[in-house]
Amino acid sequence: MTSLVVDGEAVREFLDQAEPLLDAEALSDLSAGLERRTLAMRESSLPWPLRWQLAPVARRVPAEMRAAWEPRLEPLWDLAIEGRADALLEALEAFVDEAPWTLDWATYWLHVRHPAAWPWWARWVYRGSSETGALLLVTGNSLGFGGQSLPDTYGGLTTSVRFLGSVLDLTHRLERVSDPYRPMVALAAVYGIYMLTMAAWKLTDEFTKVFPPFPVVVKTLLGVTRWEAMKVGG
């Protein structure tokens, strides 16, 4: 299992750009929203409509496909809720060729239910097919995790995200965000800065001005905004 070594200097450079756009109130609000989301998951069993509506990647799944997929995804949901990450990733190997979005969907729920233990393997965190994502931006590794199995890749990703958490603790960054959520918030901030930088480079000022405020960009990446809009766990 390969993990990636986090470059503390790269983390500093990205967060130096992000933190002026995330004031203390925004960070505290974000942390509280993430905590409410986890609490809502622990206090109730979400019905299938919410399992689709609240997971960001599921918005791309056509409505007519959802009913057919629910019986197939139910065992994955159970493994995610139970925190059985190894079994979940092994089960996903039978799904990802047919429906790559299932990896994002399943690890989203694993992370939401167990934020301190397991990261979310979102496409913006690490996308193996194109070797892109926020994690590579703070490791300086353009090769990613190579040709490992799905469970091994997720294991390496998990180790790297925990390494990032240690770097954040040692450097006292994002301290208004609760410990379990800090690494993912950092990755969302990194990717948000990357998106804004690329937009400013490729687009005119008129186009870049229509971007939402940076705290909203971070919330959207983390999948918090729909929970707020639907008042789930509020």
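Select Arg 12 and Glu 9 in helix H1 (residues 8–18): being three residues apart in that helix, they are separated by about one helical turn. Helices here are DSSP runs of H or I with at least four residues, strands are E runs of at least two, and both are numbered from the N terminus. This is a predicted model, in which local features need pLDDT of at least 70 and side-chain atom pairs count only at pLDDT 80 or more, while totals for chains, interfaces and linings use all residues. Residues are numbered from 1 along each chain as its sequence is written, and side-chain values use heavy atoms, with hydrogens and water left out.

**Helix H1**

Show the side chains of Arg 12 and Glu 9, which meet in a salt bridge at 2.4 Å, N to O. The term salt bridge stands for a side-chain nitrogen of Lys or Arg within 4 Å of a carboxyl oxygen of Asp or Glu. Side chains of opposite charge can pair when their charged atoms come close.

Arg 12 and Asp 16 both lie in helix H1, four residues apart, about one turn of the helix.

Are these residues buried or partly exposed? Arg 12 counts as partly exposed at 34% relative accessibility, as does Glu 9 at 39%. Asp 16 is also partly exposed, with a relative accessible area of 37%. Salt bridges that share partners join Glu 9, Arg 12, Asp 16, Glu 19 and Arg 173 into one network. The classes are buried for under 20% relative accessible area, exposed for over 50%, and partly exposed in between (1.4 Å probe, protein chains only).

**Arg 84**

Go next to Arg 84, which forms a salt bridge with Glu 82, the closest N and O atoms being 3.4 Å apart. Arg 84 is partly exposed at 45% relative accessibility. A search of the whole structure finds eleven salt bridges.

**Helix H8**

Select Ser 160 in helix H8 (residues 150–171). Ser 160 counts as buried because its relative accessibility is 1%. What does Ser 160 touch, not counting residues up to four places away in sequence? Its contacts (heavy atoms within 4.5 Å) are Ser 3, Leu 4, Val 6, Leu 135 and Phe 145.

Val 161 also lies in helix H8, and at 7% relative accessibility Val 161 is buried. With residues up to four places away in sequence not counted, Val 161 touches Pro 119, Leu 135, Pro 183 and Leu 187. Draw a distance from Val 161 to Pro 183: their C-alpha atoms are separated by 6.3 Å, and the two residues are 22 apart along the chain.

**Gly 128**

Move to Gly 128, in the loop between helix H6 (101–113) and helix H7 (134–137). Gly 128 is partly exposed at 34% relative accessibility.

**Arg 59**

Finish at Arg 59, in the loop between helix H3 (48–53) and helix H4 (63–82). Arg 59 is partly exposed, with a relative accessible area of 32%.
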